[in-house]
There are 2 protein chains.
Amino acid sequence: VRPLEDTLARIEGPDAETAAAARKAIDEKTKPRGSLGGLEDMAVRIASTRRTLDLQPLRTAVVVAAADHGVASEGVSAYPQEVTREMLANFETGGAAVCVLARRAGASLHIVDVGVGEGTSNIAVGPAMSRRDAVDRIERGIAFSRELSDEGIDVVALGEMGIGNTTAAAALCAALLRVGVSTVCGAGTGLDADGIAHKVAVVERALAVNAPDPEDPVGVLAAVGGFELAFLCGVALEAAAARLVVVLDGFIVGAAALVAARLSPAVTGSMIAAHVSTEPGHRRVLQALGLEPLLDLGLRLGEGSGATLALPLLSASVAILEEMATFESAGVTDAGR
Amino acid sequence: VRPLEDTLARIEGPDAETAAAARKAIDEKTKPRGSLGGLEDMAVRIASTRRTLDLQPLRTAVVVAAADHGVASEGVSAYPQEVTREMLANFETGGAAVCVLARRAGASLHIVDVGVGEGTSNIAVGPAMSRRDAVDRIERGIAFSRELSDEGIDVVALGEMGIGNTTAAAALCAALLRVGVSTVCGAGTGLDADGIAHKVAVVERALAVNAPDPEDPVGVLAAVGGFELAFLCGVALEAAAARLVVVLDGFIVGAAALVAARLSPAVTGSMIAAHVSTEPGHRRVLQALGLEPLLDLGLRLGEGSGATLALPLLSASVAILEEMATFESAGVTDAGR
C-alpha cells in the first residue's frame with residue numbers, strides 16, 4: 001500500500017462523543033449558554049479532533065512549504081521569481097512575518113523547500129508536473145506530518161511561499177470548483193487591474209492546454225498545481241489521519257486543503273480557517289470547505305502569517321474549556337439558558 | 001478645575017507624525033506593502049497613540065466594572081439580579097471567562113465594584129442617578145485610569161458586569177444615536193422574542209419618562225445609564241488623555257465609549273474595537289465610533305471577554321512593527337508595491 005492510500009484509509013474525522021462531552025462541559029461554565037459563540041465551537045472542534053478534553057498546553061507547529069512556479073515566467077507576479085529563494089533565507093534568519101508571529105505564539109516553525117529553484121513547469125504551456133511527482137510531493141507532506149504527530153504536536157498551521165503561486169491556486173480552484181477564472185484571480189502580491197487581466201488570460205490558457213478532469217483531484221494538482229500545494233495537501237491529509245487540528249491560512253493553503261477535501265471529505269472536520277484574505281477566490285474556497293474564517297483583517301501576505309496570528313485564539317478556546325469555573329463550583333445561579 | 005474638565009482639556013488624540021513614521025517602518029518590512037491589512041493599521045494606531053515606535057513588551061490591563069441596575073426589577077434579564085454579586089466573587093477567585101483569558105494574554109485584571117447591591121434607580125420610572133453621581137462615577141474612572149497609566153500600562157481593555165445593563169446601554173444608545181429602540185435591543189444574556197419585546201417596551205418607557213437631551217451626554221448617562229457605564233466612560237477619557245490604547249469589548253462598553261466620544265470626539269483615535277457581538281445595537285455603536293471590529297465570532301458574554309481575547313492580536317501587531325526584517329536588511333528584492 002502506498003503512503004497516500006494508507007493515510008486516506010486512516011482518516012475518520014472528529015469524534016461525535018468527544019464533541020458532545022466538550023459541549024456539555026462548556027455549557028456548565030459560568031456564562032450564558034453559547035455566549036462565547038465561535039470560541040466555544042472551536043474548543044469543541046479541537047477536542048473532538050484530538051479525542052480528549054485534556055488539551056493544555058496546546059502544542060502548535062507552523063509548516064511553511066516553499067516552491068517555485070514555471071508560470072512565473074509569464075509575468076503573473078509583481079515580484080521576480082528569485083524572491084522565493086530570498087524569502088527562504090529570510091525565513092531561516094527569522095526576519096519574515098511568520099517567524100515573528102510564530103515566536104509570539106510559541107509555535108515551532110518548520111520551513112520546507114519542496115522545489116525552490118527547480119520549480120514546476122509552466123502551466124500555461126503544459127502540465128506543472130507529472131502525476132508521479134504530484135503523488136511524491138503529497139507523500140513527502142504525509143511523511144512530514146507524521147514527524148510532527150510523533151513529536152506530540154496538537155495543531156498544525158499551514159503556510160506557503162512561492163512567487164506565482166496564486167496563479168496556480170487560481171487554476172486549481174477554477175478547475176475543482178468549476179467557476180469562472182476571473183472569480184478566483186486577484187492581485188496576489190500586488191498586481192494592478194491590467195496585471196490581473198493578464199493573470200486571468202494565463203490561467204485560462206493553462207486550463208485550456210491541460211484540460212484537467214475536476215473528478216480527479218491529483219490529476220488537477222499535477223496539471224495546474226504546484227509542489228508546495230501538493231506537499232501541503234499531504235500534510236493536511238496525514239494530520240487528519242493522525243487526529244491533528246489543521247489551521248488554514250489564505251487562498252493558496254485553501255486550494256491545497258480543497259484538494260485534500262476532494263480526496264477525503266472528512267478532513268474538513270478537523271480544519272479551522274484562520275482568516276479570509278482579500279483574494280477573491282478565498283471566500284469561495286472556504287465556502288466549498290464549509291468553514292467560517294476567524295479573522296477578516298484584509299490580510300494577503302501568505303507564509304502562514306494569518307494562520308499563525310490566529311493560534312492564540314485556539315489556545316484561548318481550550319483554556320475556556322479547561323479553566324473556567326462551573327455554575328456549581330462557583331455558586332452562581334444558573335438561569336439554564 | 002474638576003477632574004473631568006481637566007481630563008477633557010488634555011485629550012489630543014493620536015500623533016500624525018508618529019503614525020507616518022510607523023507606516024514608513026512597516027512599508028520597509030519584507031512583505032508586499034499593505035499585505036498585513038488591519039494588523040498594520042493596528043500597529044500604526046498603537047504607535048501613534050503611545051507616540052513611540054518602541055512598544056514592546058506591550059503592557060496590558062483589563063478593567064471590569066460591575067454595578068447593579070434598578071431596571072432589573074422590570075424583568076429585563078434572563079438572570080436574577082444577585083448574579084451580579086455572585087459573578088463578582090467568581091471574578092475574584094479566577095473562574096470567570098475574563099479571568100481565564102486575561103491569564104492567557106498576560107494582562108493584569110482589575111475588578112471594580114462601582115455599585116453592586118446599591119445599584120441605580122429603575123430607569124423605567126425615573127433617572128438612573130443624579131447628574132452629580134454620574135460625574136462622580138466618571139471621575140472615579142478617571143482616577144482609576146490614572147493609576148494604570150502611572151503603573152506604565154500601555155493598553156486598557158474594558159469590560160463590565162451588571163444584570164440589566166444591556167437595557168441601560170440600549171436606552172443610552174437609542175437616545176444618543178436617535179434611533180428606534182427596537183434596533184438596539186437584543187437578547188442580552190438570553191431573552192426570547194417575548195422577552196426582547198418586553199425589554200423594548202421598558203426602554204421606551206425609560207426614554208419617555210426621562211426625556212434625555214441627546215446633546216447632553218452626561219445628562220443621558222445620568223438619566224438612563226449605569227454606574228459601570230459612567231465609570232468606564234471615565235476610564236476611556238483619561239486613557240485618551242494619558243495616551244493609552246483603549247480596547248473595547250461589546251455593546252455595553254461600546255455605549256460607554258459612545259458617551260466618551262460625545263464628550264471628546266478625539267478619543268476614538270486611540271480606540272480599538274475587539275469584536276462585534278450579536279447584540280443588534282453593537283454594530284450601530286461601532287459605526288458611530290468609526291471603528292472596524294477585529295473579531296466577529298458571535299460573542300455575547302461581556303465581562304471584557306472579547307476585548308481580552310483580542311489582546312494577543314495587538315501584541316502581534318507591534319511585534320511585526322519591531323521585529324520583522326526590512327527588504328534592505330534581509331537582501332530581499334523589493335518590487336515597491
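This is a predicted model: local features need pLDDT of at least 70, side-chain atom pairs count only at pLDDT 80 or more; totals for chains, interfaces and linings use all residues.
V267(A) lies 22 residues away from L289(A) along the chain, and the C-alpha atoms of the two residues are 9.4 Å apart.

## The largest pocket

Two or more lining residues come from each of α12 (280-289) of chain A and α3 (37-50) and β5 (271-273) of chain B.

Among the contributing elements, α3(B) gives the largest share, with 4 residues. By class, the lining of the largest pocket consists of 16 nonpolar, 8 charged and 3 polar residues.

## The second largest pocket

A volume of about 530 Å³ is assigned to the second largest pocket. It is lined by 30 residues, of which R104(A), P312(A), R104(B), A105(B) and P312(B) are the closest to its centre. At least two lining residues are supplied by each of α5 (97-105) and α13 (305-323) of chain A, and by each of α5 (97-105), α13 (305-309) and α14 (311-323) of chain B.

The largest share of this lining, 7 residues, belongs to α13(A). The lining of the second largest pocket divides into 19 nonpolar, 9 polar and 2 charged residues.

## The sheet of chain A

Chain A contains an open sheet of 5 strands with parallel pairing, arranged in the order β2-β1-β3-β4-β5. The edge positions are held by β2 (108-115) and β5 (271-273) of chain A; each has a single partner strand, so one side of each has no neighbour in the sheet. From one strand to the next, the twist averages 25°.

Within this chain, strand β3 (residues 155-161) of chain A runs parallel to strand β4 (residues 245-248) of chain A, and 3 bridges join the two. One position in this pairing is A157(A), which stands opposite V247(A) in β4(A).

## The sheet of chain B and its strand β1

In chain B, 5 strands form an open sheet with parallel pairing, in the order β2-β1-β3-β4-β5. Its edge strands are β2 and β5 of chain B, each of which pairs on one side only. The twist averages 25° from one strand to the next.

How much of strand β1 (residues 60-67) of chain B is buried? The count is 8 of the 8 residues, so the strand is largely enclosed by the rest of the structure. In a regular strand, side chains alternate between the two faces of the sheet.

## Partners of strand β1 in chain B

Strand β1(B) pairs in the parallel sense with strand β3 (residues 155-161) of chain B over 7 bridges. The bridge partner of V62(B) in β3(B) is A157(B), while A66(B) stands opposite M161(B) in that strand.

A parallel pairing over 7 bridges also links β1(B) to strand β2 (residues 108-115) of chain B. Here A65(B) stands opposite V112(B) in β2(B).

## Cysteines

How many disulfides are found over all chains? The count comes to 0. For C233(A), the nearest cysteine sulfur is that of C173(A), 12 Å away, and C233(A) is in no disulfide. With a relative accessibility of 0%, C233(A) counts as buried.

Technical notes: Residues are numbered from 1 along each chain as its sequence is written. Chains are lettered from A and ligands numbered from 1 in the order in which they are written. Side-chain values use heavy atoms; hydrogens and water are left out. Ala, Val, Leu, Ile, Met, Phe, Trp, Tyr, Cys and Pro count as nonpolar, Asp, Glu, Lys and Arg as charged, and the others, Gly among them, as polar. On a 1 Å grid over the protein atoms alone, a cavity is a set of points where a 1.4 Å probe fits but cannot get out, and a pocket is an open set with protein on both sides within 12 Å along at least five of seven lines; lining residues have an atom within 4 Å of a point. Grid points are joined across faces, edges and corners, and a volume is the space filled by probe spheres set on the points. A disulfide is a pair of cysteine sulfur atoms within 2.5 Å. Buried means under 20% relative accessible area, exposed over 50%, partly exposed in between (1.4 Å probe, protein chains only). Two strands pair if DSSP finds at least two bridges between them. Axes are lines fitted to C-alpha atoms, for helices over the stretch in contact, and angles run from 0 to 180 degrees between N-to-C directions.
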